[in-house]
Amino acid sequence: MLIIGIAGGTGSGKTTVVRKIIAELPPGEVAVISQDSYYKDSSHIPPELRQNINFDEPAAFDWPLLVEHLEALKRGEAIEMPTYSYLTCTRQPETVRVEPRDVVIVEGILALCDEQLRSMLDVKVFVDADADDRLIRLIARDCVERGRTPQQVLDRYARVLKPMHRMHIEPSKAYADLIVPQGGHNIVAMRLLTDYIESRLGKE
């Protein structure tokens, strides 16, 4: 099993990179673990206060559960990945069954920040993108998928996302084996990454 961590700021293009990897490999060979699924449950916090939660710092995540699930996959065991609602900021009763595969991708803004998780990664990737481009994608996504107004997104970006990116996400770039500027649109970087994955799988 080859475990790949893909990190990068919100709106940097991580999802596109993941899709490109899946498209390049045989069907059924890749399992994807979304770090976003492992946000801590906030149902104990009054609904009107949940919008103040900082989702861009390491403390927001249930790292022990994520590590436990990754260890289970390495043992060849299926896991029940949690699901999280951004509308209610709570963990949902539904889970998603994830079977062990030859390639397991852990994707999320802080996928390279936790030392224990990082030690389990065979390949560490940081997807880089211009701050303005990330903000444009963020506005488009949050307004459509998370019911926020453009002004709410801009306010949150200035108050939380920008400083947290500088404090936690950008420094994690130092741990990356491969930095991918322009996300999945960087043809050369994607070719290097997929060629490396295929070569590693061929040796196992």
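User: Which residues of helix α1 are buried?
Analyst: In α1, residues 14-24, the buried residues are Lys14, Val17, Val18 and Ile21. Buried means under 20% relative accessible area, exposed over 50% and partly exposed in between, with a 1.4 Å probe and protein chains only. Helices (H or I, at least four residues) and strands (E, at least two) are DSSP runs numbered from the N terminus. This is a predicted model, in which local features need pLDDT of at least 70, side-chain atom pairs count only at pLDDT 80 or more, and totals for chains, interfaces and linings use all residues. Residues are numbered from 1 along each chain as its sequence is written, and side-chain values use heavy atoms, leaving out hydrogens and water.

User: New topic: where is Ala129?
Analyst: Ala129 lies in the loop between β6 (123-128) and α4 (131-145). From Ile21 it is 108 residues away in sequence and 18 Å away in space, C-alpha to C-alpha.

User: What is Ala129 in contact with?
Analyst: Leaving aside neighbours within four places in sequence, Ala129 is in contact with Ser12, Arg134 and Arg137. Contact means heavy atoms within 4.5 Å.
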